[in-house]
Every structure is written in C-alpha cells, then in structure tokens.
Amino acid sequence: MGGSNGKAMNRVGIFGLTVITIFFVVALLAPVIAPWDPAEQHQAGPELTITERLQPTSEHPLGRDDLGRDLLSRIIYGARISMEVGILVVLISALIGTLIGAISGYYGGWADQLLSGFLFNVFLSFPSILLAIAMVAFLGPSIRNLILALSAIGWVGYARLMRAQVLKVREYDFVTAARALGAGDSRIILRHILPNAIQPLIVQASLGMAGAVLSEASLSFLGLGVQPPTPSWGVLLNDARPYLRTAPHLLLFPGLAVMLTVLAFNFIGDWLRERGGD
Amino acid sequence: MSSLLLHFCKRLLLAVPVVWAVVTLVFLLIHIVPGDPVRNALGENATEAQVIELKRKLGLDLPLSRQYLEYWGGVVRGDLGASLVNPADRVLEKVLARYPATLELALAGLMVAILISIPLGVLAGRRRGSWIDNTISVVALLGISTPGFVLGPLAIYLFSIKLDLLPVSGRYGPEYLVLPAVTLGAALAAILTRMVRSSVIEELGADYVRTARAKGLSESRIVFRHALRNGLIPVVTIIGLQFGVLLAGAIITETIFSWPGLGRLTIDAINSRDYPMVQGCILTIALTYILANLLTDLAYRLLDPRIRS
C-alpha cells in the first residue's frame with residue numbers, strides 16, 4: 001500500500017515500538033518499579049466495607065483486590081508473565097515451524113505431501129485456541145503446559161510461511177550457484193534461503209507475540225493457564241469478575257494492559273509488513 | 001452443477017484423512033493425562049475397587065489398540081461414551097442438548113460481524129487515505145486487539161449495570177443474545193472490515209469498474225452492484241475459516257455470560273475432570289469447523305463463476 005498511508009503507518013509503528021519497549025522495561029524491572037510486593041495482603045481498616053476496600057487510595061493508586069493485594073504491582077508483575085510466555089512461545093514455535101517448513105519446501109516430494117498436505121491441515125482443522133484448551137485440559141494447567149500448548153498451535157504459521165519462501169527462493173540463480181559450488185543442503189537453507197525469509201518471519205513473530213499474549217490471558221482467564229496466586233493478567237481479570245458491579249476498575253486496568261500489548265504487537269506487525277511490501 | 005457436485009465429493013474425500021487425524025488426536029487426549037484419569041475424576045477418597053470398576057465400565061482397562069477401535073466404533077455409531085462424573089449421562093446427548101445454543105451464538109456473532117464490517121469496509125475503501133479511512137483502520141485494529149474477556153464484562157458493566165438496557169447473563173429470550181453476540185463478533189467484525197476495505201480498493205481499480213464508470217453508472221451502483229459483489233468473494237472464504245474461531249471464542253463468551261452452550265459444558269467438564277465429556281465437546285467443535293469449511297468452499301464455488309466452470 002504505502003503512499004498516503006506511509007506516514008500514518010510509521011506513526012503506528014513508532015507507537016507500537018514505544019508501548020512494547022515500555023512493557024519490556026516494566027517487565028524486566030518489575031521488582032524495582034512495583035510499589036508493593038504483588039503477593040502482600042494489605043489489611044484495610046475493619047470499619048471499611050468490602051466495596052470500599054477495593055477502591056483506589058493514595059497508597060494503592062489502582063486499588064486492591066479482594067485479598068488486599070496491590071493491583072498496580074500485580075499488573076506490573078503480570079507483564080513479566082505475558083512477556084515471558086510470549087517470547088518463549090514465539091521462539092519455540094518459530095524454531096519448529098521454520099525447520100518443518102524448510103524441510104517441506106526444500107525437499108518436496110512425499111515429505112512435502114506428508115507435512116504440508118496432511119500435517120498442516122490437521123493442525124489447521126482445529127480452531128487454534130481450541131487445540132490449546134484441549135491440550136491444557138488434559139495435561140493439567142501450568143505455565144509449562146501452557147507454553148507447550150501455545151507452541152503446538154503456533155508453529156504452523158511459521159511453517160507455511162517458510163515453505164512458501166523456500167519454494168520461491170529455491171529456484172533462484174544464487175541458490176543454484178551455491179549448490180554448484182558444492183554447498184550442502186543445510187548450508188543452502190541456513191545461509192542462502194533463511195536470510196531471504198527473515199522479513200516475513202519477523203512479521204509473523206510480531207503477530208505471534210500478540211497472539212501468544214492474548215491466548216495466555218484467555219487460558220488463564222478460563223483457569224486453564226497460569227494459576228493463582230501468580231499474577232497473570234488473565235488471572236487478574238478472572239479474579240475481578242465477581243466485583244464488576246462495585247469495582248469495575250479491577251477489570252478495566254488489567255484489561256487495558258492486555259489490549260495495549262496486543263494492539264502494539266499488531267501495530268508493529270502491520271507496520272513491518274507494509275514496509276516489506278513496498 | 002455436476003462439476004460442482006464432483007468437486008464437492010473431491011473435497012469430501014480430501015477431508016477424510018483430516019477427520020481421521022482429528023478423531024485420533026481427540027482419542028489420544030485422555031492418554032496424555034498425567035497419572036490416572038479415572039482416579040483424578042473420582043478423587044482421593046475413591047477405593048481401588050471403585051477405580052477398577054469404573055475403568056472396566058468405560059473400557060479403559062482394555063489394550064490401547066482395542067480402545068482405539070472401540071472409540072472409532074462409537075464415533076461411527078454416534079456414541080461418544082459416558083460421562084466420568086455421572087456415568088448415567090451419555091456424552092453425545094449432553095453435547096447435542098447444548099449444541100443449538102452455541103450454534104445460535106456463533107451465527108449471531110457472524111451476523112454482527114457481517115453487518116458491521118461491510119458498511120465500514122466499503123466506506124473506508126471508497127475514501128481510501130482519508131481521515132475516515134484512517135479512523136476505521138485504527139478502530140479495526142483496536143477491535144482485533146480487544147479480547148472477549150475484556151469487551152464482554154465492560155459491555156455488561158455499561159449496558160446491563162449502568163444503563164440497565166440488557167440482561168447480564170443467561171439465555172431466556174432474544175434480548176439475552178445481544179451482548180454475547182456483539183462480544184463474540186467484534187473481533188471478527190474488525191478482521192472482516194479490513195478485508196472488505198482492501199477488497200473494495202482492489203476491485204475499484206479493476207478494468208470493469210472503469211468500463212462501468214465510462215458507461216456513466218452511478219458510483220453507488222458501481223460499488224454495490226459490481227465491486228462489492230466481486231469483492232465479497234474472498235471475504236466469504238475467510239468466513240469459513242473464521243467460523244471455527246467463533247466456535248472456539250464461544251467458550252470464553254459463554255463463560256462470561258453464563259450462556260448454556262457447548263463452551264460452558266467444555267469448561268465445566270474440564271473443571272470436574274470429566275475427560276470423555278471434554279473429548280466429546282472438542283470433537284464436536286472440530287468436526288463442525290471442518291463441515292463449515294466444506295460448506296464455505298461450496299459457497300465460494302457457487303459465487304465465483306470463474307472457478308465453477
């Protein structure tokens with residue numbers, strides 16, 4: 001597209017990068033930034049009603065949850081979980097997906113039939129979050145199983161992309177030249193084909209971060225991901241539901257954190273894609 | 001028409017290995033449970049005899065290959081086994097009882113998405129690069145990034161608690177469908193808006209549109225009778241793919257709004273470790289998704305004469 005949209009797209013990309021940088025710093029420096037220990041239960045005066053105890057105060061700017069824990073600190077620590085899960089899921093699924101996609105595209109033949117003709121379709125025939133829910137439901141809820149499940153649904157995107165790139169680049173003269181010079185398969189894939197596929201893979205990784213953060217929060221919200229008392233954003237949202245009527249801010253702030261992060265990663269992905277397309 | 005039928009049969013045949021793999025994966029799920037699934041379900045207080053008895057009843061004491069054949073036999077006969085928690089409950093009956101509610105919700109979500117996305121997408125596409133296009137694009141990205149579990153409760157807070165316009169939860173009449181359908185359909189509406197927009201832009205640049213303009217047709221006739229008609233074809237294909245996302249998203253939406261559908265049943269079954277029930281729910285959703293994709297493919301062929309011939 002570009003053209004008249006170019007400037008707007010740049011703004012979008014800068015906004016996305018800024019938000020993600022802030023969230024990364026917050027996640028890394030959580031113990032320094034957070035005003036309180038996220039697990040510490042602050043007792044409120046006995047004269048206060050439960051509703052009053054949840055409200056923001058000068059000491060707890062976003063209020064406290066039903067157990068008296070500081071919401072701001074919990075959201076800050078929640079950024080750690082989101083980023084950690086997101087990065088691991090993207091790394092694992094990109095690694096597996098790229099490898100399988102490269103094999104499928106490079107060797108073709110029955111390997112390609114089996115992988116892209118069958119395996120990709122099987123994984124695509126589950127709505128992705130459903131497969132993750134199924135895996136976590138049977139493996140049991142934990143961060144490790146969550147990462148495993150999200151990687152299991154994430155790799156197909158990278159695999160299809162890599163396969164398409166390999167098919168495109170495989171026939172180029174420089175690949176033939178490299179082969180004529182005696183380069184082996186793995187060298188051709190790693191040194192000649194992969195660099196050409198890196199741009200779309202990065203776009204996919206950015207969108208993959210958005211998807212992983214969103215899925216982590218979804219599963220944790222359903223009680224199938226990160227388990228309380230660990231402060232994942234999804235856990236915070238679920239904890240807040242009973243108090244929707246009297247303390248909607250308990251839901252609003254973690255919700256905004258999820259939205260902003262997902263939005264920023266989507267922005268970055270879109271921006272990179274438009275840049276690559278020009 | 002006969003070539004269409006032939007094509008449909010071909011697609012049906014191609015779906016066979018996928019269905020086989022889906023059933024196999026769902027069958028295997030119960031075997032990835034760490035520890036003993038029956039003991040998990042019965043709890044710590046169950047005696048060894050109770051565990052063995054229930055296992056025998058469910059066929060979980062048989063060798064894996066026998067269990068696999070039995071499972072397939074059951075699927076073919078339309079028998080998905082019995083609940084682990086209430087062995088008197090047949091899984092398929094429970095699933096079918098909840099099925100209409102989920103289908104209703106997913107279709108309503110789809111309607112919401114279509115009704116929002118077509119006008120917005122056309123508007124944005126016609127005014128490409130204008131402030132209205134930019135606004136719609138940003139709102140669409142916002143919509144894609146807003147998860148149902150944030151949008152749903154906020155919608156409840158605004159429309160049910162503050163404005164007292166719509167009910168909070170349950171399924172007792174058409175007004176109960178509004179908030180869940182909007183919550184479920186919002187993200188899809190955003191995705192489709194972006195698709196309709198780029199489709200309209202592409203079609204408006206096509207030769208036949210130039211011809212139509214040269215003939216002096218009105219702009220609205222060009223957009224709605226010509227460009228949109230062709231532009232919607234790729235949108236239809238994506239609807240089939242996205243229907244699965246709606247079905248899966250219904251799990252979250254149903255949890256928020258206490259909507260008595262398959263999603264609610266899935267989560268309840270997961271929480272009570274009723275593994276056969278979870279398997280039944282997941283299998284049903286996955287098969288519905290495969291069917292939806294088949295039907296979409298058919299619709300696509302019907303709509304696009306270039307492919308039909």
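Student: Is A:L95 buried or exposed, and why?
Tutor: This is a predicted model, and in it A:L95 is exposed, because its relative accessible area is 66%. The cut-off for exposed is over 50%.

Student: Where is A:L95 in chain A?
Tutor: A:L95 sits in helix α4 of chain A, which covers residues 71-107.

Student: Which nonpolar patch on the surface has A:L95 in it?
Tutor: A:L95 belongs to a patch with A:I87, A:L88, A:L91, A:I92 and A:I96. Together they have about 520 Å² of accessible area.

Student: Now the inside. Which residues touch the most other members in the largest nonpolar core?
Tutor: A:L219 and A:W233 do, in a core of 166 residues. Helix α10 of chain B (residues 219-257) gives the largest share of this core, 15 residues.

Student: Where does this core lie relative to the domains of chain B?
Tutor: Domain 1 (16-77) and domain 2 (99-308) of chain B both contribute residues, so the core lies between them.

Student: How far apart are the C-alpha centres of those two domains of chain B?
Tutor: They lie 36 Å apart. As for contact, 14 residues of domain 1 of chain B meet eight residues of domain 2 of chain B.

Student: Back to A:L219. What does it touch?
Tutor: Leaving out residues up to four places away in sequence, A:L219 touches A:I129, A:A132, A:I133, A:V136, A:L146, A:L150, A:L224 and A:G225.

Student: Which residues are in the second core?
Tutor: That core is separate and has six residues, among them A:I100, A:L115, A:F120 and A:W155.

Technical notes
Residues are numbered from 1 along each chain as its sequence is written. Chains are lettered from A and ligands numbered from 1 in the order in which they are written. This is a predicted model: local features need pLDDT of at least 70, side-chain atom pairs count only at pLDDT 80 or more; totals for chains, interfaces and linings use all residues. Side-chain values use heavy atoms; hydrogens and water are left out. Patches are made of residues with over 30% relative accessible area and no salt bridge: like charges are joined within 9 Å, nonpolar side chains (Val, Leu, Ile, Met, Phe, Trp, Tyr) within 5 Å. Accessible areas come from the Shrake-Rupley method with a 1.4 Å probe; for residues, only the protein chains shown count as cover. A salt bridge is a side-chain nitrogen of Lys or Arg within 4 Å of a carboxyl oxygen of Asp or Glu. Helices (H or I, at least four residues) and strands (E, at least two) are DSSP runs, numbered from the N terminus. Buried means under 20% relative accessible area, exposed over 50%, partly exposed in between (1.4 Å probe, protein chains only). A nonpolar core is a set of buried Ala, Val, Leu, Ile, Met, Phe, Trp, Tyr and Cys residues joined through side-chain atoms within 4.5 Å. Domain bounds come from an automatic or database domain assignment. Contact means heavy atoms within 4.5 Å.
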